[in-house]
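Hello,

Here is the structure I promised to pass on. Please have a look, then read my notes below.

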Amino acid sequence: MHKILMTYDNTEGLGALFSNKEFKVEIHNKLSQEELKELIKEYDGLLIRSEVKVTKEIIEAAQKLKFIGRAGTGVDNIDKETATEKGIIVANVPGGNTISATEHTIGLMLSLARHIPEAYKSLKNKKWDRKNYVGTELFGKTLGLIGLGRIGTEVAKRLNAFGMKVIAYDPFANQETAKNNNIELKTIDEVFAQSHYISIHSPLNDSTREMINAQAIKKMKDGVRIINCARGAIINEKDLSDAIKSGKVAGAAIDVFAKEPPQDWTLIETDHTVVTPHLAASTDEAQVRVAKEIGEVLVDFFTKAIVRNAVNAKK
Ligand code: MLT
């Protein structure tokens with residue numbers, strides 16, 4: 001019998017796991033770090049979303065843990081190094097959120113270009129103000145993607161249809177994918193210099209942490225607009241807020257924050273920002289898809305010793 005700790009309570013799509021007699025799945029959501037550290041000792045497998053932080057301390061407290069499954073894409077909330085040292089597999093399901101994250105990105109871009117949230121707020125307050133909410137078209141503008149994985153590519157496909165020119169920076173980009181989707185690959189400085197809109201779709205790691213900072217912003221076009229549905233810490237929030245206040249950056253649409261929930265509200269409170277609380281993957285379809293997929297990866301791991309979607313290597 002494999003004991004699995006699940007830290008979210010939406011069990012839709014997980015029928016195959018719950019009905020499997022080889023597993024005992026227990027749901028504990030809203031655990032504090034201290035509670036998780038205590039509880040983790042008894043479990044063979046752990047299923048999480050992004051709000052749970054699987055730190056070195058948690059992994060070291062685990063006594064039987066063999067598998068950490070992330071129902072979603074980003075694995076920056078898991079100490080993969082310590083997991084690897086302890087021979088624990090860390091797996092994610094990178095494809096399940098793609099369409100939802102893509103559509104949210106485009107929703108934010110349009111909101112930013114057309115001042116939809118501000119105009120909505122104004123009209124709800126019974127003001128008929130058309131003058132202050134004149135927008136700009138996406139048509140004919142250059143979109144610079146930072147990161148050309150699944151989401152970046154899907155964003156490009158849709159915005160090509162809007163008549164945008166799409167350029168991208170990604171050191172691991174697939175040339176064929178770029179060519180087939182009418183995306184020009186560029187250096188990071190070329191993306192900064194040529195884009196009217198910059199949308200971030202990279203993972204958070206040592207080379208992307210705070211890559212959008214004052215120095216990078218200086219290299220961008222005046223009036224650039226920045227969209228981030230990837231990870232908050234890729235942007236230095238204070239530098240971005242300062243650049244919006246100075247007028248260098250015309251606006252930003254931000255779904256993800258360096259700390260979630262935010263501890264510093266500076267960027268959120270800055271004018272010309274459109275903000276959502278990490279909602280890009282929050283659709284009925286994506287939530288069920290990722291839960292179902294990670295459930296299948298977990299069952300295969302424990303019952304057939306098949307390791308799928310591992311983001312670390314077992315020693
Ligand atoms: C992901 O990495 O899967 C998305 O950002 C959604 C999330 O973390 O909740």
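Just after helix H5, His-115 takes a positive phi of about 55°. Helices here are DSSP runs of H or I with at least four residues, strands are runs of E with at least two, and both are numbered from the N terminus. This is a predicted model, where local features need pLDDT of at least 70 and side-chain atom pairs count only at pLDDT 80 or more, while totals for chains, interfaces and linings use all residues. Residues are numbered from 1 along each chain as its sequence is written, and side-chain values use heavy atoms, leaving out hydrogens and water.

H5 itself has 17 residues. From first C-alpha to last it reaches 24 Å, close to the expected 24 Å at 1.5 Å a residue (the expected span is 1.5 Å times one less than the number of residues). Of its 17 residues, 12 are buried, so H5 is largely enclosed by the rest of the structure. Buried means under 20% relative accessible area, exposed over 50%, and partly exposed in between, with a 1.4 Å probe and protein chains only. Among the buried ones are His-104, Leu-108 and Leu-112.

H5 (residues 98-114) packs on H7 (residues 150-161) at about 50°, with the axes 9 Å apart. Axes are lines fitted to C-alpha atoms, for helices over the stretch in contact, and angles run from 0 to 180 degrees between N-to-C directions. The two helices are therefore oblique to each other (under 35 degrees is roughly parallel, over 145 roughly antiparallel, 65 to 115 roughly perpendicular, the rest oblique). On the H5 side, the residues that meet H7 include Thr-98, Ile-106 and Met-109. Their partners in H7 include Ile-151, Val-155 and Leu-159. Contact means heavy atoms within 4.5 Å.

Next, Ile-146. This residue sits in strand S6 (residues 142-146). Ile-146 is buried, at 2% relative accessible area. Its contacts, not counting residues up to four places away in sequence, include Tyr-169, Phe-192, His-201 and Met-211. Ile-146 and His-201 are 55 residues apart in sequence, yet 5.7 Å apart in space, C-alpha to C-alpha.

Now some backbone details in loops. Lys-30 has a phi near 60°, positive in a residue other than glycine. Lys-30 lies between strand S2 (23-27) and helix H2 (33-39), and is exposed at 78%. His-278 has a positive phi too, near 50°. His-278 is partly exposed, at 24%. Finally, the Glu-260 to Pro-261 peptide bond is cis, with omega near -10°. Pro-261 is in the loop between strand S11 (249-254) and helix H12 (266-269).

Best wishes
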